[in-house]
Amino acid sequence: MLRERAQETEDRRALSAETVKSLAETGFFRLLQPARYGGFEADPMYFYTAVRLIAGACGSTGWVASVVGVHPWQLGLFPDHAQQDVWGADGETRMSSSYAPTGKVRAVEGGYRLSGRWSFSSGCDHATWVLLGGIVMGDDGQPPDFRTFLVPIGDYVIEDVWNTIGLRGTGSNDIVIEDAFVPAYRSLSFSDTAKCVCPGQELNTGPLYRIPYGSIFSYAITTPIIGMAEGAYEAHVDYQRKRVRAAYAGTKAVEDPFSQVKVAEAAIELDAAWRALEGNMRELMGHVTAGEKIPMRLRLRIRRDQVHGTAQAIDAVDRLFENSGGRALAVGTPIQRFWRDAHAGRVHAINDAERALVMFGRGEFGLSVADAMV
């Protein structure tokens, strides 16, 4: 169904209500939700595997599913009062997000006041709360605090600005706020998530909620890109089985050894990216399940492998696209859509390879890697 709706999703620049309802009915959005609020508290690999399959059918749907689907995990770290605000009346309530601290935040008695514009809130049309990033300036020389603020839909407006060449169906529009009050309990410090010590852990005591933010969220961006590349792989192999290369005297594409090499190289990249993700998550969950502190080297390796996994998926989809011939350029073909979607996902800030790799290198040399804690 998602594969059949992929072009429609792109044309409307947002997921349909029917698609979101279908995903919700499978239980997907509750995979990382606390059991106390009707969730499954599943191992992250169930979540990532589902995202990979969804994105392999429709890149935009996979992207929205991943970023919206990971938010219940973060809300599980907030004070319980905030969790009750969102899920108390309806455990199916969804949140979108925009973490770049582009709006203004001012500390006031009892909480904070927010104003401004936050961009790229994927799936916001299908959510009634939003998680927004903001910087609270420190007092008396104290360092500023980077926090996430939980805001209900009545306090913000969605502006339709999403008109792009990739991930067109994600509806990643702007969130605009004019002087909204956010009580203190509806905010969460990134410093606490980095230390894996958050208010929500008092009641959500399972191992899922002892994972670092930077480990689970970063793969929530890379996984749909791997899925898009695998969707391109399946579409490419199917297309090549039928293709006759007119420029090479009618040679069947499946009999071309150079074409076969391209397919093999793409498969290597995708398998390697996924196996690294699986291995890292297995090791991470092993530590938190045993109640052990997560080694800094593992946290750095997860970020290293995450950005490299994105690069591997992009390399794979590029090989397949280059090997597909001119007919793959036609509007509506899955190859070009997966290619555009994967490259659009690549520019997300969390895929900044140089910063992640520098942190890993600093760690290897015994230098400070404080940025990796986030």
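How far apart are the end C-alpha atoms of helix α8, and which span should its 30 residues have? The views below start there. This is a predicted model, where local features need pLDDT of at least 70, side-chain atom pairs count only at pLDDT 80 or more, and totals for chains, interfaces and linings use all residues. Residues are numbered from 1 along each chain as its sequence is written, and side-chain values use heavy atoms, with hydrogens and water left out.

**View 1. Helix α8, end to end.** Here's residues 213–242: at 1.5 Å a residue, the helix should span 44 Å, and its end C-alpha atoms sit 45 Å apart, which agrees. (The expected span is 1.5 Å times one less than the number of residues; helices are DSSP runs of H or I with at least four residues, strands are E runs with at least two, and both are numbered from the N terminus.) There's a bend of about 25 degrees at Ala220, with a proline, Pro224, following within four residues. That bend is the angle between axes fitted to the seven residues ending at a residue and the seven starting there. Most of α8 is covered, with 24 of its 30 residues buried, meaning under 20% relative accessible area with a 1.4 Å probe and protein chains only.

**View 2. Helices α3 and α4 packed together.** α3 (residues 44–57) and α4 (residues 59–69) pack at about 155 degrees, their axes 6 Å apart. Axes are lines fitted to C-alpha atoms, for helices over the stretch in contact, and angles run from 0 to 180 degrees between N-to-C directions. Angles over 145 degrees count as roughly antiparallel, so that's what α3 and α4 are to each other. Among the α3 residues at the contact are Phe47, Val51 and Ile54, and α4 brings residues including Thr61 and Ala65; contact means heavy atoms within 4.5 Å.

**View 3. The open four-stranded sheet.** The strand order is β2-β3-β7-β6, with antiparallel pairing; two strands pair if DSSP finds at least two bridges between them. β2 (104–108) and β6 (157–159) are the edge strands with a single partner each, so one side of each has no neighbour in the sheet. From one strand to the next, the twist averages 15 degrees.

**View 4. Who sits opposite whom.** β2 and β3 (residues 111–121) are joined by five bridges, and Lys104 stands opposite Ser115 in β3. Their hairpin has two residues between the strands, and Gly110 takes a positive phi near 85 degrees. Eight bridges link β3 to β7, where Tyr112 has Val182 in β7 as its bridge partner. β6 and β7 (residues 173–183) share three bridges, and Val157 faces Val176 in β7.

Technical notes: Buried means under 20% relative accessible area, exposed over 50%, partly exposed in between (1.4 Å probe, protein chains only). Angles under 35 degrees count as roughly parallel, over 145 as roughly antiparallel, 65 to 115 as roughly perpendicular and the rest as oblique.
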